[in-house]
Amino acid sequence: MNRRIALKNLAFVAAGLLVLPGCDTTGWKETAVQATDPLLSAKQEGLLAEIVETLIPATDTPGAKELKVHAYIHKMVADCFEEDAQHALVKGLDKVDKLANEKYKQSFTACSPAERTAVLEQMSLSEEEVQKDFFGLVKGLAIQGYMTSEYVMTHITKYEMVPGRYHGCVPVQASTPLS
């Protein structure tokens, strides 16, 4: 037997043994999404849940709140972002409730969906840096969290964690232009 081939095959087996445990999804738990050092109180996290539900409401697909996008945003900002972004999130949550109270004399969570949308539109169009930073941060992370959620990846995009096939030879239509 050729020694090079034997060493190459041994390297493939060793790499496979290292990667294989990472492919096991049965051990996933919801607590994995929770922030290790919580930044928000339970009330603030509830408000964040209502904000992401306003941004991505439930239709024939689940809304952002049901997919726990707010927990994703909380974990990302608390564990991965700089202090500036963490302050922007906390100050922005306070500002959302303050704007809702000024405009509709009630908290953001008590407002109707149209009123909630109006408050968030006001923040997105504001010249105030706190409001713009908060809205941009939450909107971007809400989209990212929703699009990478298990539901979207498995039911809409048909993501396969480990594709096991290779289509090396695919018939080409004669009418397909080559460009």
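What follows is a chat about a predicted model of a protein.

Visitor: Before we start, what kind of model is this?
Guide: It is a predicted model, in which local features need pLDDT of at least 70 and side-chain atom pairs count only at pLDDT 80 or more, while totals for chains, interfaces and linings use all residues. Residues are numbered from 1 along each chain as its sequence is written, and side-chain values use heavy atoms, with hydrogens and water left out.

Visitor: How many helices and strands are there?
Guide: The protein has seven helices and zero strands, where helices (H or I, at least four residues) and strands (E, at least two) are DSSP runs numbered from the N terminus.

Visitor: And how much of the protein is buried?
Guide: Of its 179 residues, 29% count as buried; buried means under 20% relative accessible area, exposed over 50%, and partly exposed in between, with a 1.4 Å probe and protein chains only.

Visitor: Which residues have the most contacts inside the largest nonpolar core?
Guide: They are Ile51, Ile73 and Leu89, in a core of 29 residues; such a core is a set of buried Ala, Val, Leu, Ile, Met, Phe, Trp, Tyr and Cys residues joined through side-chain atoms within 4.5 Å. Helices α2 (42-55), α3 (69-80), α4 (83-104), α5 (113-125) and α6 (129-147) each supply at least two residues of this core, and α6 gives the most, with seven residues.

Visitor: What does Leu89 touch?
Guide: Leaving aside neighbours within four places in sequence, Leu89 is in contact with Leu39, Leu40, Leu48, Val77, Phe134, Leu137 and Val138, contact meaning heavy atoms within 4.5 Å.

Visitor: Staying with α4, what covers its buried residues?
Guide: The cover includes α2, α3, α5 and α6, and the buried residues of α4 include Leu89, Gly92, Leu93 and Val96.

Visitor: How far apart are the end C-alpha atoms of α4?
Guide: They are 31 Å apart, which agrees with the 32 Å that its 22 residues should span at 1.5 Å a residue, because the expected span is 1.5 Å times one less than the number of residues.

Visitor: Switching to His70, is it buried or exposed?
Guide: His70, which lies in helix α3, counts as buried because its relative accessibility is 12%. Not counting residues up to four places away in sequence, His70 touches Glu45, Leu48, Ala49, Val52 and Lys65.

Visitor: Last one: where is Tyr159?
Guide: Tyr159 is in the segment after α7 (150-156), and it is partly exposed, with a relative accessible area of 44%.
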